[in-house]
Amino acid sequence: PGSGYDGDYDGLDVPYQAVQRGHRHPPRRLSAWAWGHALKHASAGGPPPLARVLMTSAVRAATVANWRVAIIDAATATEVALTRGLRAQLSATLSSREVEDKLDSTHSLGPLINLAKSLGMPLPARICEDLKDPRNDLVHQGKDMTGDDVKAAITIAWEVVHRYCPLDACCQEPGSTQGD
């Protein structure tokens, strides 16, 4: 596949980069607090946030040079996060039924981006060029992607997910400056 993949997404090293690229990054260590907190969530039985599950899938796909899955999952995570952000924004002025009607008529990434822009919601500057367009090129034209395309798409997707699907405050490690 493509070139340019350096194993770093959103400032985090991605463990086990594809062997054919000649690089491997060891897994990041988790603190005892992080392990305990994860186990607490797992034992409670609730599912993790969908946008973050999709981002994990996108990063995993990128580590094995599965560019198509990486971009599609990153774009889908962005749709999920953006829909959540739009729901919150629209709920400030519309009834719950009007909000759902508006969102039901705005299903794909392009219209969601356009609606968010029309409402003045913050979005990454290159969301269309680096995420929406490559996703559409893959799905509708079968266009080949590169590692650089994937890194740009995942970076944009993480920006949207962090903004509109932040982790709950209880999930922030005490004393941590990293956030999510």
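Between which two helices is the loop that holds S108 found? S108 sits in the loop between α4 (96-104) and α5 (109-118). Helices here are DSSP runs of H or I with at least four residues, strands are runs of E with at least two, and both are numbered from the N terminus. S108 counts as partly exposed because its relative accessibility is 39%. On this scale, buried means under 20% relative accessible area, exposed means over 50%, and partly exposed lies in between (1.4 Å probe, protein chains only). S108 and K132 are 24 residues apart in sequence, and their C-alpha atoms are 9.7 Å apart in space.

The model is predicted: local features need pLDDT of at least 70, side-chain atom pairs count only at pLDDT 80 or more, and totals for chains, interfaces and linings use all residues. Residues are numbered from 1 along each chain as its sequence is written, and side-chain values use heavy atoms, with hydrogens and water left out. The term pLDDT is the predictor's confidence in each residue, from 0 to 100. The chain has a mean pLDDT of 83, and 82% of its residues reach 70 or more. Over residues 1-23, pLDDT stays under 50. Where pLDDT is low, the predicted coordinates should not be read in detail.

The chain holds 7 helices and 2 strands. Along the sequence, the pattern reads β-β-α-α-α-α-α-α-α. Of the 180 residues in the chain, 37% are buried. A contact means heavy atoms within 4.5 Å. Among contacts in the chain with a separation of 6 or more, 67% join residues 24 or more positions apart.

The largest nonpolar core has 42 residues. Such a core is a set of buried Ala, Val, Leu, Ile, Met, Phe, Trp, Tyr and Cys residues, joined through side-chain atoms within 4.5 Å. M55, L82, L86, L131, I154 and V161 touch the most other members. Two or more residues come from each of α2 (50-63), α3 (67-91), α4, α5, α6 and α7. The largest share, 11 residues, comes from α3. Leaving aside neighbours within four places in sequence, M55 is in contact with A74, A77, I154, A157, W158 and V161.

Two helix pairs were examined. Two packed helices are described by the angle between their axes and the distance between the axes. Axes are lines fitted to C-alpha atoms, for helices over the stretch in contact, and angles run from 0 to 180 degrees between N-to-C directions. Angles under 35 degrees count as roughly parallel, over 145 as roughly antiparallel, 65 to 115 as roughly perpendicular and the rest as oblique.

The axes of α5 and α6 come within 10 Å and cross at roughly 155 degrees. The two helices, α5 and α6, are therefore roughly antiparallel. L109, G110, I113 and K117 of α5 meet I127, C128, L131 and K132 of α6. These residues divide into 5 nonpolar, 1 polar and 2 charged. Here Ala, Val, Leu, Ile, Met, Phe, Trp, Tyr, Cys and Pro count as nonpolar, Asp, Glu, Lys and Arg as charged, and the others, Gly among them, as polar.

The axes of α6 (residues 127-141) and α7 (residues 147-164) come within 9 Å and cross at roughly 105 degrees. That makes α6 roughly perpendicular to α7. In this contact, I127, D130 and L131 of α6 meet D149, A152, A153, I156, A157 and V160 of α7. The residues divide into 7 nonpolar, no polar and 2 charged.

A65 lies in the loop between α2 and α3. A65 has a positive phi of about 60 degrees, although it is not a glycine. With a relative accessible area of 14%, A65 is buried.
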